[in-house]
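Here is a short report on one protein model. It goes from the overall build to single residues.

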Amino acid sequence: MVLQRGKPNTIWGWSDPGDKVQVAIADQTASGVTDLTGRWQVKIQPPAVGGPYTIEVTGHQTAGLHNVLVGDVWLCSGQSNMQFGLRQASGGEEAIKTADFPQIRFFTVGQKSAYHPLDASPEGSWSVTSPDTADRISAVAFFFAREVEQATHIPIGVLIDSVGGTPAEAWTSAPSLQALKDFDVPLAALPTAAASGGKKYGDYVEPWYDQYDIGMKGNWSAPDFDDSSWTPVPIP
C-alpha cells in the first residue's frame, strides 16, 4: 500500500472489546483501545517518503503489513469515465506492456449498496502496477498516476472508487442532502425500506420495481399481452 506523507494516517480494525492495540512503523508507534463495539482506531505519523516499510499491529492478535511505501495518495472517484479500464483506452495495450512502476500502487474499491453507512472494510486489495496487473486499473487513474510519479519521483497510491451512471447525490451524506430540501421524500423512505427486511442487493432499485413498476406488475413483456387499447405514439 501507500501511506500519505506529511500527515497522520488513520489505521483501524476490530478486536475484542477492551483490547489494547499498538501500531508501529519504523520509529513511529501509536496505541488505542478497542471500544465496546469491537472497533479500534489510531492515528500514526508516517516515516520519511519512500520505503518499503512494515507496519506491525499488535493486540490479542498480531498482523504485519509489508512492502508499504510513503508518498501521495489520490482518490479517483466518479462514474464510468473513471471506471473505464486501461485495456479499453487508446494506447492502453501498449501502456500495459510497459507498465513497470513499482512505486505506483492502486486499490479498486468493491461495490456495495446499503441503506446507511457501513462500518466495515471495503472489499479489494492493493496491487503494485506491473504488466501483470495494469489491465485491472482505471485508465484515468493509471495515466494520472504515471504522470505525477514521473514528475515528483515519490510513491503514488490511487484509490479507485467509481460506479458508472451514479448521480452526485449517491455519493453525498444524508445530512448534506437534507440541507438542500430537494431529497426529503426519498430520504424519508430510507428508514421504511431498511426496516422492511428486503434484499440487500440493489437496496434501492429492487424494492422500487417490486412496488411501483406497473409494467412488471402487468406482465407487459408477455408475448400474448393485449395492448390493443394503448395509444400509438410516433417515435422520431
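## Conventions

Helices (H or I, at least four residues) and strands (E, at least two) are DSSP runs, numbered from the N terminus. This is a predicted model: local features need pLDDT of at least 70, side-chain atom pairs count only at pLDDT 80 or more, and totals for chains, interfaces and linings use all residues. Residues are numbered from 1 along each chain as its sequence is written, and side-chain values use heavy atoms, with hydrogens and water left out.

## Overall build

The protein has 7 helices and 10 strands. Its radius of gyration, taken over C-alpha atoms, is 24 Å. Along its principal axes, the C-alpha trace spans about 80 × 50 × 35 Å.

Of the 236 residues, 33% count as buried. Buried means under 20% relative accessible area, exposed means over 50%, and partly exposed lies in between (1.4 Å probe, protein chains only). The protein exposes about 15000 Å², and carbon and sulfur atoms supply 56% of that area. The areas come from the Shrake-Rupley method with a 1.4 Å probe; for residues, only the protein chains shown count as cover. Contact means heavy atoms within 4.5 Å. Among contacts with a separation of 6 or more, 63% come from residues 24 or more positions apart.

## Cores

A nonpolar core is a set of buried Ala, Val, Leu, Ile, Met, Phe, Trp, Tyr and Cys residues joined through side-chain atoms within 4.5 Å. The largest one has 21 residues. Leu-86, Ile-137, Phe-142, Ile-156 and Val-158 have the most contacts inside it. Helix α3 gives the most, with 5 residues. Another core lies apart from it, with 14 residues, including Ile-11, Ala-30, Ile-55 and Val-57.

## Strand β10 and its partners

Strand β10 is mostly covered, with 5 of its 7 residues buried. Two strands pair if DSSP finds at least two bridges between them. Strands β7 and β10 run parallel and are joined by 7 bridges. Within this pairing, Val-73 stands opposite Gly-157. β8 also pairs with β10 in the parallel sense, over 5 bridges. There, Phe-106 has Val-158 as its bridge partner.

Which residues does Ile-156 touch, not counting those up to four places away in sequence? They are Val-2, Asp-72, Trp-74, Gln-103, Ile-104, Arg-105, Ala-145, Val-148 and Glu-149.

Asp-72 is found in strand β7 (residues 62-78). It counts as buried because its relative accessible area is 13%. A polar contact is a pair of N or O atoms within 3.5 Å; within protein, one must be able to donate a hydrogen and the other to accept it, and residues adjacent in sequence count only if both atoms are side-chain atoms. The side chain of Asp-72 makes such a contact with the side chain of Gln-4, at 2.9 Å. Beyond four places in sequence, Asp-72 is in contact with Val-2, Gln-4, Arg-5, Ile-154, Pro-155, Ile-156 and Gly-157.

Asn-9 is found in strand β2 (residues 9-14). At 10% relative accessibility, Asn-9 is buried. A polar atom of its side chain lies 2.9 Å from the backbone oxygen of Gln-4. The side chain of Asn-9 also reaches the backbone oxygen of Lys-7, at 3.0 Å. Leaving out residues up to four places away, Asn-9 touches Leu-3, Gln-4, Val-42, Lys-43, Ile-44 and Pro-46.

## Backbone exceptions

Most residues other than glycine have a negative phi, and most peptide bonds are trans. A cis peptide bond joins Gly-51 and Pro-52, with omega about 10°. Pro-52 lies in strand β6 (residues 50-58).

Ala-26 has a positive phi of about 55°. It is found in the loop between β3 (20-25) and β4 (28-33). At 54% relative accessibility, Ala-26 is exposed. Asn-67 also has a positive phi, near 55°. Asn-67 is found in strand β7, and at 37% relative accessibility it is partly exposed.

Key
The radius of gyration is taken over C-alpha atoms; the globule rule is 2.2 Å times the number of residues to the power 0.38.
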